[in-house]
Amino acid sequence: MKIKEDNDLDKDKTIMELNTKVEEKSSEINSLKESNKNKEEQISASQFYEDNGFGTIGGYAAQMFIEWSEVFSDEILILAMKEAIENDAKHWKYLNRILEDWKSKNVKTEAHARKAIASFRNRTNRYKNSNIV
């Protein structure tokens with residue numbers, strides 16, 4: 001009987017130790033996620049534009065960028081640029097089309113912008129699949 005109680009205590013202790021390790025790792029992961037999020041938030045949309053190969057902001061592009069920054073937050077502008085990058089279209093015309101679309105859909109939040117991206121991808125995938133011979 002004593003041996004069974006000792007085994008149960010050992011199991012409980014092991015479970016508690018594992019739970020503690022899981023909580024520590026979870027906390028560590030959340031800290032890393034928060035740190036990455038803070039780094040992304042610190043970069044301005046104009047800096048992201050230049051750092052990711054869209055070009056240098058000046059002249060007309062600067063004027064347009066200022067106008068779009070009055071409509072959308074930096075986070076949404078960066079999300080639009082990331083979408084352009086993923087579509088291998090790092091130029092003002094494509095970025096402007098994304099922003100025009102989002103403006104017409106009254107996108108105001110990052111979550112709404114992500115929904116617009118998902119919707120666009122679903123439409124284009126359906127189109128691509130319907131044209132397969």
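Predicted model: local features only at pLDDT ≥ 70, side-chain atom pairs only at ≥ 80, totals over all residues.

Reader: Noted. What does R121 form a salt bridge with?

Author: With E86. The closest N and O atoms are 2.6 Å apart.

Reader: And E86, buried or exposed?

Author: Exposed, at a relative accessible area of 58%.

Reader: Which helices do R121 and E86 lie in?

Author: R121 is in helix α6, residues 110–130. E86 is in helix α4, residues 74–86.

Reader: How many salt bridges does the count come to?

Author: Four. One of them joins E110 and R114, at 3.1 Å from N to O.

Reader: Where do E110 and R114 lie?

Author: Both are in helix α6. They are four residues apart, about one turn of the helix. E110 has 33% relative accessibility, so it is partly exposed. R114 is partly exposed too, at 47%.

Reader: Which residues do salt bridges with shared partners join into one network?

Author: E83, E86 and R121.

Reader: What about D101? Which residue is its salt-bridge partner?

Author: K105. The closest N and O atoms there are 3.1 Å apart. D101 counts as partly exposed at 26%. K105 does as well, at 31%.

Reader: Switching to rings. How many aromatic pairs does a search of the whole structure find?

Author: Five. Take Y49 and F65, whose ring centres are 5.5 Å apart.

Reader: Why is that pair called edge-to-face?

Author: Planes over 60 degrees apart count as edge-to-face. The planes of Y49 and F65 are at 70 degrees, so the pair falls in that class.

Reader: Which parts of the chain does that pair link?

Author: Distant ones. Y49 is in helix α2, residues 45–51, and F65 is in helix α3, residues 59–71. They are 16 residues apart.

Reader: Is Y49 buried or exposed?

Author: Buried, with a relative accessible area of 3%. F65 is buried as well, at 9%.

Reader: What about W68 and F72, how are their rings arranged?

Author: They are stacked. Centre to centre is 5.7 Å, with 20 degrees between the planes. W68 is buried at 6% relative accessible area, and F72 is buried at 3%.

Reader: Which residues form one aromatic cluster?

Author: Y49, F54, F65 and W92. So the edge-to-face pair, Y49 and F65, has both its rings in that cluster.

Reader: Zooming out. How many helices and strands in the protein chain?

Author: Six helices and zero strands. From the N terminus on, the elements run α-α-α-α-α-α.

Reader: What share of the residues is buried?

Author: Buried residues make up 23% of the 133 in the protein chain.

Reader: And what share of the contacts comes from residues 24 or more positions apart?

Author: They account for 62% of the contacts with a separation of 6 or more.

Reader: Great, thanks.

Methods. Residues numbered from 1 in each chain as written. Heavy atoms only, no water. Phe/Tyr/Trp six-rings, centres within 6.5 Å; stacked < 30°, edge-to-face > 60°. Helix = DSSP H or I, 4+ residues; strand = E, 2+ residues; numbered from the N terminus. Buried < 20%, exposed > 50% of the residue type's maximum accessible area, 1.4 Å probe, protein only. Salt bridge = Lys/Arg side-chain N within 4 Å of Asp/Glu carboxyl O. Contact = heavy atoms within 4.5 Å.
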